[in-house]
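The sequence and structure are shown first.

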Amino acid sequence: MTTQILSGATGVLVLADGTVLQGIGVGAVGSALGEVVFNTAMTGYQEILTDPSYMSQILAFTFPHVGNVGVNVEDVEQIGDGAGTAAVGAIFRDVPTDPANWRSHGDLDAWMKRRGVVGLSGVDTRALTKIIRDKGAPHGVIAHDPEGRFDIDALVAQARAWTGLVGLDLAKEASTLQAFDWDEGVWEWPAGYPKVDAADKSVVVVDYGVKRNILRALASTGVKITVVPATTSAEDILARNPDGVVLSNGPGDPAATGEYAVPEIKKLVASGKPIMGICLGHQMLAIALGARTVKMEQGHHGANHPVKDLTTGKVEIVSMNHGFTVDRDSLPETLVETHVSLFDGTNCGIAVKDRPIFSVQHHPEASPGPTDSLYLFNRFADSMWA
Ligand SMILES: NC(=O)CC[C@H](N)C(=O)O
């Protein structure tokens, strides 16, 4: 042990290359290991921190003021509880101040403590973003100790020893263990989340770490929703006789979900049912249809990404959160590319030719972010009535 007392610092971020950023600890006391990514959204920190797709990741917010609208019980995206199945750490430019907002039920610091999310504030997040931009998303450990005692060498060794997200299957850990029904629609002024009366079409959502707003956006199209665990077989899904199937977002490497996801998705494709995939669901559907996924250097994490719908020529501003991408060059003849990122040209959507099966890399449910892509839920719902 070579514990060091850092003068004035109660929090650190230590990267695998030995870089140490010092600041003020926030939230849970302790340490957390993960891939360090930056998110460029200017609003929605609570939704971002509770997105299950951020499991095993430490989030650096490029927007400096985080925490000033507090936290509430509604803006939670994960179905389960706690940081175990969402972002494990958070980094802020400014120390969070007292919240002021009519929806606030408490402050970010105490909420992060309760959830077990380790935070670091008062660091130069621009400098960190430049490191990530130039060298790719590093492995790191975030640590918070009110006494400022840190064993930096041990933290560096821990970050170096981690094998990272490539090859890591996290979707079944983020998933619900039991099937459940869902009938809550998207938030409406002033009543909040409405109960939705479902029409006679039903959808099974396979939960690989689903965000609540995907379920809400889907419910608002008027369909009846049942959510099932990630490990549910295609036979069990089809036995529910759904009119369509949604493959959700989720954490980890899409190529590592092995036996329980991709082979079952192949059977769902063969069933002829309409299918919509979102983010991890998009990537796994692409693999099931014969394409390949690759790890990105920095990934896309934000609420301001331009994406072009190649089927209509329209550009939409979207919410993004992914570190893997479908390799366009691997798309088989049976697929068409439907969406593309205008930031770096990476694939953002596919459809099976002449079949009601499509998927997108971005997050049409927003939460946080613009709602330009909500039309995709209607595109899916319409395919069930066709
Ligand atoms: N939001 C998601 O579903 C993320 C998918 C996958 N885990 C990735 O990082 O690319």
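The model is predicted: local features need pLDDT of at least 70 and side-chain atom pairs count only at pLDDT 80 or more, whereas totals for chains, interfaces and linings use all residues. Residue numbers start from 1 along each chain, following the sequence as written.

**The barrel**

According to an unreviewed UniProt entry, residues 9–143 carry the annotation "domain: Carbamoyl-phosphate synthase small subunit N-terminal"; such annotations may be inferred rather than shown by experiment. The span is 18% helix and 30% strand, and its end C-alpha atoms lie 11 Å apart. Helices (H or I, at least four residues) and strands (E, at least two) are DSSP runs numbered from the N terminus.

A barrel is closed by 7 strands in the order β2-β3-β7-β6-β5-β4-β8, with mixed pairing; two strands pair if DSSP finds at least two bridges between them. Strands β2 (residues 11–15) and β8 (residues 139–144) run antiparallel and are joined by 5 bridges. Within β8, alanine 143 stands opposite valine 12.

**The open sheet**

In an open sheet, 10 strands follow the order β10-β12-β11-β13-β14-β19-β18-β17-β15-β16, again with mixed pairing. β10 (180–182) and β16 each have a single partner strand, so one side of each is left without a neighbour in the sheet. Strands β15 (residues 293–309) and β17 (residues 335–341) pair in the antiparallel sense over 3 bridges, and aspartate 309 has histidine 339 in β17 as its bridge partner.

**Helices on strands**

| Helix | Lies across | Angle |
|---|---|---|
| α2 (residues 108–115) | β3 (20–27), β6 (89–92), β7 (118–121) | about 90° to β3 |
| α6 (residues 212–219) | β10, β11 (202–207), β12 (224–229), β13 (244–247), β14 (275–278) | about 150° to β12 |

**A helix pair**

The axes of α8 (residues 258–270) and α9 (residues 280–288) come within 9 Å and cross at roughly 75°. The two helices α8 and α9 are therefore roughly perpendicular (65 to 115 degrees). Among the residues that meet are Val262 and Ile265 in α8 and Leu285 and Ile287 in α9.

Conventions:
Two residues are in contact if their C-beta atoms, placed from the backbone, lie within 7 Å. Axes are lines fitted to C-alpha atoms, for helices over the stretch in contact, and angles run from 0 to 180 degrees between N-to-C directions. Angles under 35 degrees count as roughly parallel, over 145 as roughly antiparallel, 65 to 115 as roughly perpendicular and the rest as oblique.
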